[in-house]
Number of protein chains: 2
Amino acid sequence: VEEGDAEAAYDRVEPLHPADIADLIELTPAEQRPALVDAVGSLIDGEVLSEMNDWVREALIESLDPHQVAGMAAELDTDDAVAIIGDMEEADQQAVLDALPPDDRAAIEEALSYPEESAGRLMQRELIAVPEHWTVGDVLDYLRGGDDLTSDFWEIFIVDPGHRPVGTCQLSWILRTPRIVSMTDVMKREQTLIPVDMDQEEVALRFQKYALISAAVIDAAGRLVGQITVDDIVHIISEEAGEDILRLSGAGEGDINEPIRLAVRTRLSWLIVNLATAILASAVVDMFQAQIAAFALLAVLMPIVSGMGGNAGTQTLAVVVRALATNQLTDSNTWWMVARELRIAAANGAALGTVTGIGSFLIYGNAPLSLVFAAAMVINNLAAGLGGVIVPLTLDRFRVDPAVSSAVFVTTLTDVMGFFSFLGLATLFSVSP
Amino acid sequence: VEEGDAEAAYDRVEPLHPADIADLIELTPAEQRPALVDAVGSLIDGEVLSEMNDWVREALIESLDPHQVAGMAAELDTDDAVAIIGDMEEADQQAVLDALPPDDRAAIEEALSYPEESAGRLMQRELIAVPEHWTVGDVLDYLRGGDDLTSDFWEIFIVDPGHRPVGTCQLSWILRTPRIVSMTDVMKREQTLIPVDMDQEEVALRFQKYALISAAVIDAAGRLVGQITVDDIVHIISEEAGEDILRLSGAGEGDINEPIRLAVRTRLSWLIVNLATAILASAVVDMFQAQIAAFALLAVLMPIVSGMGGNAGTQTLAVVVRALATNQLTDSNTWWMVARELRIAAANGAALGTVTGIGSFLIYGNAPLSLVFAAAMVINNLAAGLGGVIVPLTLDRFRVDPAVSSAVFVTTLTDVMGFFSFLGLATLFSVSP
């Protein structure tokens with residue numbers, strides 16, 4: 001797209017939506033990004049920054065002056081500004097904060113004081129709150145009057161004299177109500193209040209469950225301190241749902257813009273853990289070297305038993321991890337779930353055992369071998385089903401993210417059980433050529 | 001919670017939000033559900049039904065009279081009614097449609113005529129559209145006047161005489177503008193229009209990218225036919241992002257309320273495919289039976305090579321599948337991505353090859369064996385990295401969902417390459433005890 005002609009580039013980028021400008025910069029190879037950024041310069045405002053991938057943004061911000069960053073951040077709502085500044089390194093952060101107007105600075109510093117990934121980081125302080133005794137007309141006059149009010153709101157919060165929320169009112173209700181009606185007659189009293197220290201994953205689940213467009217954030221004393229709008233939640237829902245697949249595979253964050261060095265470090269440390277478990281499984285095979293030397297066909301068939309168990313275990317694991325992430329699996333249905341997965345494992349194991357038993361008998365004509373092969377297949381499927389549900393549930397109970405660590409345990413289990421049941425039974429029943 | 005005392009159950013359930021009632025019914029064991037449903041009867045309205053899990057809802061609807069279902073559906077916006085009726089079997093569907101008032105019936109039949117998972121199914125026909133020449137005052141009077149207008153809207157669409165959208169206006173802008181201002185001066189002309197046949201996944205990506213709260217849906221002629229609101233999109237974002245993990249593991253829908261019979265069928269068919277590939281990999285081992293019989297240690301180490309390749313391949317796969325799902329990976333950065341993954345694979349392979357080479361030498365003191373082991377590890381890591389990125393990209397190009405089928409190809413590749421490189425090199429260099 002860009003070959004030196006800066007002005008042409010500017011003209012092309014100018015009409016784009018900030019999200020598209022951010023995408024364009026992300027898709028540009030890293031070496032060409034500085035040239036593109038120079039060319040389109042002033043078009044990269046706070047909106048573009050906040051739409052940008054974390055890694056790309058970080059590199060870009062490092063090339064900017066703190067005053068420029070502060071200027072961009074000041075245009076944004078607190079939540080977007082905090083997201084950008086919160087990601088910066090401590091020293092750069094301070095430089096940007098120092099360059100901000102005092103008001104914005106105080107707001108952002110307060111937001112940064114909340115833990116990462118909490119509601120306090122997500123919320124914007126800009127919102128519309130009105131007292132209980134107002135009428136619809138009062139609200140309309142207030143909104144038309146104040147010039148420094150936000151335009152980014154989807155509902156109006158009604159608060160008591162202690163600034164505690166007592167109700168909420170969609171804008172469409174106000175628009176459809178005569179001016180003289182009191183706000184307390186239009187508002188809905190039941191509303192979902194978000195404590196300021198709630199984890200963002202929990203916030204996202206609330207938004208999903210109750211189909212919220214925005215929600216009031218309250219502090220420990222129940223006072224209204226901010227609002228969260230659904231457009232900020234949509235990113236979190238997508239990230240939280242998508243990151244389980246990356247965690248389960250040990251790919252860490254798995255962002256394609258992550259520096260290679262970091263990607264190698266994350267993935268390699270996970271592979272080393274897997275190596276340890278692979279050695280454990282191979283130690284089981286090691287116990288049966290004599291049998292394998294006498295009957296090498298055992299070594300041919302054993303990966304089938306362990307591999308099929310691994311596949312079945314991964315299936316169960318994926319279902320359980322998803323059910324835990326979406327709050328579908330709770331204490332009340334744990335045992336029902338274990339029973340359900342064991343029934344599925346038994347059915348799958350019986351089917352696979354029959355197929356592999358008969359198949360191997362037709363090929364090798366060795367009945368003891370085929371019986372042992374089929375039995376090991378059934379045993380390992382049951383182990384996979386049980387492990388696939390017990391492991392993540394146990395980790396979840398101990399407050400370890402089941403998506404991160406379950407796969408290691410389950411595949412180790414199916415490898416060990418697969419090799420042990422097959423080679424062990426073969427030894428026990430002296431299966432031979 | 002429920003033990004025969006129907007009245008107490010009713011009193012407890014009565015104050016709950018529809019989404020909570022739906023959750024309660026889902027968490028109740030299937031056998032006790034009819035009793036609970038009887039007890040709370042009238043509390044189960046259309047809202048509750050539309051919040052309910054598909055499988056649970058289907059079972060519940062079967063126990064209801066078509067007239068009851070029609071009554072519930074009539075209360076809902078078209079999008080929710082369509083979601084419920086669209087899931088029913090043909091004959092039941094017809095019975096409910098017949099029982100609906102003619103207006104609702106026509107609207108729902110039209111929606112059902114759009115393909116499943118398209119924007120036409122998601123949209124609601126209820127929306128507020130006003131002509132270009134109106135002022136803010138006209139809009140306010142119109143909204144306060146009409147009794148049969150929807151209250152579920154977040155922006156107002158401005159249309160030309162041909163009912164084609166020309167702009168959109170957030171409610172907050174209207175509230176902050178004097179009555180005499182013309183709508184064309186308040187509205188934003190750039191808006192994201194959703195074609196009625198767009199796939200829901202694409203719709204969800206648009207909402208995410210442009211932080212939309214609602215969007216206009218247009219037919220082939222560009223006429224405004226409905227609107228989609230973000231609350232219906234959050235479910236889709238979460239489902240689409242979450243289902244990749246289930247597809248990649250071959251667990252199908254993976255819903256915990258899916259009947260066991262269906263779950264077994266889905267998972268078993270996937271396991272049978274995996275069995276075929278496992279047999280393919282074991283055929284490779286079969287070629288080297290003589291070497292294994294002569295040196296059984298080869299059978300001990302070979303699962304480590306194939307297993308580590310499988311893990312590395314799954315990591316790459318997860319990253320690529322996520323990047324494809326979020327539109328981060330396009331034609332313009334395909335080769336950059338391949339190069340990136342190969343560099344990561346080379347780094348990981350070198351590290352793992354060194355560790356396993358040195359480790360095995362310390363244990364077994366067999367230099368040729370350790371060199372072959374290390375070399376196979378490097379080769380299989382490269383194969384994993386290459387396969388992990390090429391396979392999903394190729395499937396995506398042929399419009400096959402990479403999440404569904406990539407894992408089979410990649411693990412087959414790493415198993416075959418793992419066994420072949422290790423046993424093949426061992427044979428080539430006559431590695432022996």
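This is a predicted model: local features need pLDDT of at least 70, side-chain atom pairs count only at pLDDT 80 or more; totals for chains, interfaces and linings use all residues.
Residues are numbered from 1 along each chain as its sequence is written, chains are lettered from A in the order in which they are written, and side-chain values use heavy atoms, with hydrogens and water left out.

Now select the rest of the helix, a DSSP run of H or I with at least four residues, numbered from the N terminus. Within α9 (residues 102-112) of chain B, look for A107(B), I108(B), A111(B) and L112(B), which are buried (under 20% relative accessible area). They cover an arc of only 135° around the axis, so they lie on the same side of α9(B); the arc is taken from the directions from the helix axis to the C-beta atoms.

Next, show both chains. Here 108 residues of chain A are in contact with 109 residues of chain B, with contact meaning heavy atoms within 4.5 Å. Select L175(A), R176(A) and I256(A): in chain A, they lose the most area to chain B, together 10% of what that side buries (accessible area, 1.4 Å probe, lost on putting two parts together, summed over both).

Last stop: K209(A) and D20(B), whose side chains form a salt bridge (2.7 Å, N to O). The term takes a side-chain nitrogen of Lys or Arg within 4 Å of a carboxyl oxygen of Asp or Glu, and the count between chain A and chain B is six.

Note on methods:
Buried means under 20% relative accessible area, exposed over 50%, partly exposed in between (1.4 Å probe, protein chains only). Helices (H or I, at least four residues) and strands (E, at least two) are DSSP runs, numbered from the N terminus.
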